[in-house]
Amino acid sequence: MFRIVRNVDNYKEDYQLVKRWDTRFKKIATIMEPSENKTSFWVENRLKQYLNQMEKELNRKEDQPFVENLLKYSKRFWKGLFTFYDYPLIPRTNNDLELFFRRIKQKHRRITGSRTWNRYIIRHGENIVFVENVSNEQEGLQMIKNVNYSAYNTEANKWERIGEHIKQRRFKKEPNEYLNTIEEKWKRHN
């Protein structure tokens, strides 16, 4: 215990530096805190002003990595960062979506034993979300039976790109076989 306490003095400067930076994060969090009165235009301008002010204030050599990193991340996420202020139905973060994908990935791994799910996503695409919301096979079949055919047909036409992924996979796996199959179909239709 004494050895740990003795080392605390070695980190005083680092602590003061991090404490300085932390006050900047708290100010940014205050600016971005959602409220009914804030618009995306106001928050974006206010944050831009604060980042410019902070860049001028934090001009010591030891502050440079922090400032550069903060500005780089801000620039990368700037577009779309303020949308939710004007559209309350858009979530502030995508954390729920990330957790949803994590649960699906865990289930896939539990079922298949495979760490990667790239092929699964390529093969099934957006259909993954439908399987996740069904508790058992009977419920899934009942939901499918309740779908109007014209609504299904309209939606199926929008999802043709999933078929394109499957075609690409088949071509990469066996290009000659894939091309022969297409030629056979062409001969049958002509």
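**Helix packing and burial in the predicted chain**

Helix α3 passes helix α4 in a left-handed crossing, a crossing being left-handed if the near helix is turned anticlockwise from the far one by less than a right angle, and right-handed if clockwise. The structure is a predicted model, in which local features need pLDDT of at least 70 and side-chain atom pairs count only at pLDDT 80 or more, while totals for chains, interfaces and linings use all residues. Residues are numbered from 1 along each chain as its sequence is written, and side-chain values use heavy atoms, with hydrogens and water left out.

The chain contains 12 helices and zero strands; helices (H or I, at least four residues) and strands (E, at least two) are DSSP runs, numbered from the N terminus. Of its 190 residues, 16% count as buried, where buried means under 20% relative accessible area, exposed over 50%, and partly exposed in between (1.4 Å probe, protein chains only). Among contacts (heavy atoms within 4.5 Å) between residues at least 6 apart in sequence, 57% join residues at least 24 apart.

The axes of α3 and α4 come within 10 Å and cross at roughly 160°. That makes α3 roughly antiparallel to α4. Axes are lines fitted to C-alpha atoms, for helices over the stretch in contact, and angles run from 0 to 180 degrees between N-to-C directions; angles under 35 degrees count as roughly parallel, over 145 as roughly antiparallel, 65 to 115 as roughly perpendicular and the rest as oblique. On the α3 side, L51, M54 and E55 meet F66, V67, L70, L71 and S74 of α4. The loop between α3 (40–57) and α4 (64–77) holds D63, which counts as buried because its relative accessibility is 0%. Leaving aside neighbours within four places in sequence, D63 is in contact with L17, R20, W21 and L58.

Helix α6 (residues 95–112) has 18 residues and should span 26 Å at 1.5 Å a residue, in agreement with the 26 Å between its end C-alpha atoms; the expected span is 1.5 Å times one less than the number of residues. The buried residues of α6 are F100, I104 and H108. They cover an arc of only 70° around the axis, so they lie on the same side of α6, the arc being that of the directions from the helix axis to the C-beta atoms. An α-helix has 3.6 residues a turn, so residues three or four places apart point the same way. The face of α6 turned away from its buried side carries the exposed residues R102 and R110.

Within α6, I104 has a relative accessible area of 4% and is therefore buried. I104 and I128 are 24 residues apart in sequence and 8.1 Å apart in space, C-alpha to C-alpha. Just after α6, G113 takes a positive phi of about 80°.
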